[in-house]
Amino acid sequence: MKGNPFGWDRDPEDWLEDPFKAMIKRFEESTPSEFKDLVREEETPTGTIRRYGPFVYGFSYTAEPGKEPVFQEFGNIRPSSRGILPSQGREPLVDVMSEKDKFKIFVELPGVDKDEVKLNVAEDSIEIRTNDERKFYKFIDLDETVDVDSTKASYKNGILTIELDKKLKRTGKEVKID
């Protein structure tokens, strides 16, 4: 019994390791299939290891003078009545500023190359996704319609900035009926 000063029938390292192996096995068996892509196996000089995550969840708080405070969730998991559910990708931190005639949107995408960012702009929403290993995803509903052709986007130091002109309200002409 190498390294066993107490005369046990098992090595103390094995005795301490067994509960953790059982706990990890139960975790893996109960993991929903949606989380399977958040578990990776890697070969190391000492053998195969499993890496879990990253599991990211948080919220941001924005307060502007004269407006109600805004709380926004971000991350790649969501709490729900059925437990924790994965999203389509890690949700980036987003700040949407509505000005009189345009929207300015700031999106944090740390470590992402500009070529990996994909934008899909519609009159009432924006979809942002990345195609790298970080897999960011965000769908933003806009409370006013925008001119899709006016979209300007820039990316610097992990911050995506999008500017969209709001569509002018429909103007009509009063017609006198003869």
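Biologist: What share of the 178 residues in the protein is buried?
Modeller: Buried residues make up 25% of them. The model is predicted. A residue counts as buried when its relative accessible area is under 20%.

Biologist: Why is Lys166 called buried?
Modeller: Its relative accessible area is 10%. The cut-off is under 20%. Therefore Lys166 counts as buried.

Biologist: Where is Lys166, and which residues is it in contact with, leaving aside neighbours within four places in sequence?
Modeller: Lys166 lies in the segment after strand 12 (159-165). Its contacts include Lys100, Asp101, Phe103, Glu144 and Val146.

Biologist: What makes the pairing of the Lys166 and Glu144 side chains a polar contact?
Modeller: The distance is 3.0 Å. The limit for a pair of N or O atoms is within 3.5 Å. So the Lys166–Glu144 pair qualifies.

Biologist: Why does Phe71 count as exposed?
Modeller: Phe71 has 56% relative accessibility. Exposed means over 50%, so Phe71 gets that label. Phe71 sits in strand 4 (residues 70-80).

Biologist: Which residues make the nonpolar surface patch of about 390 Å²?
Modeller: Phe59, Tyr61 and Phe71 make it. Patch members need over 30% relative accessible area. Phe71, at 56%, therefore passes that cut-off.

Biologist: How many helices and strands does the protein have?
Modeller: There is one helix, and there are 12 strands. Along the sequence, the pattern is α-β-β-β-β-β-β-β-β-β-β-β-β.

Notes: Residues numbered from 1 in each chain as written. Predicted model: local features only at pLDDT ≥ 70, side-chain atom pairs only at ≥ 80, totals over all residues. Heavy atoms only, no water. Helix = DSSP H or I, 4+ residues; strand = E, 2+ residues; numbered from the N terminus. Buried < 20%, exposed > 50% of the residue type's maximum accessible area, 1.4 Å probe, protein only. Patch = residues over 30% accessible without salt bridge, like charges linked within 9 Å, V, L, I, M, F, W, Y side chains within 5 Å. Areas by Shrake-Rupley, 256 points an atom, 1.4 Å probe, with all protein chains shown as cover. Salt bridge = Lys/Arg side-chain N within 4 Å of Asp/Glu carboxyl O. Polar contact = N/O pair within 3.5 Å; in protein donor to acceptor, adjacent residues only side chain to side chain. Contact = heavy atoms within 4.5 Å.
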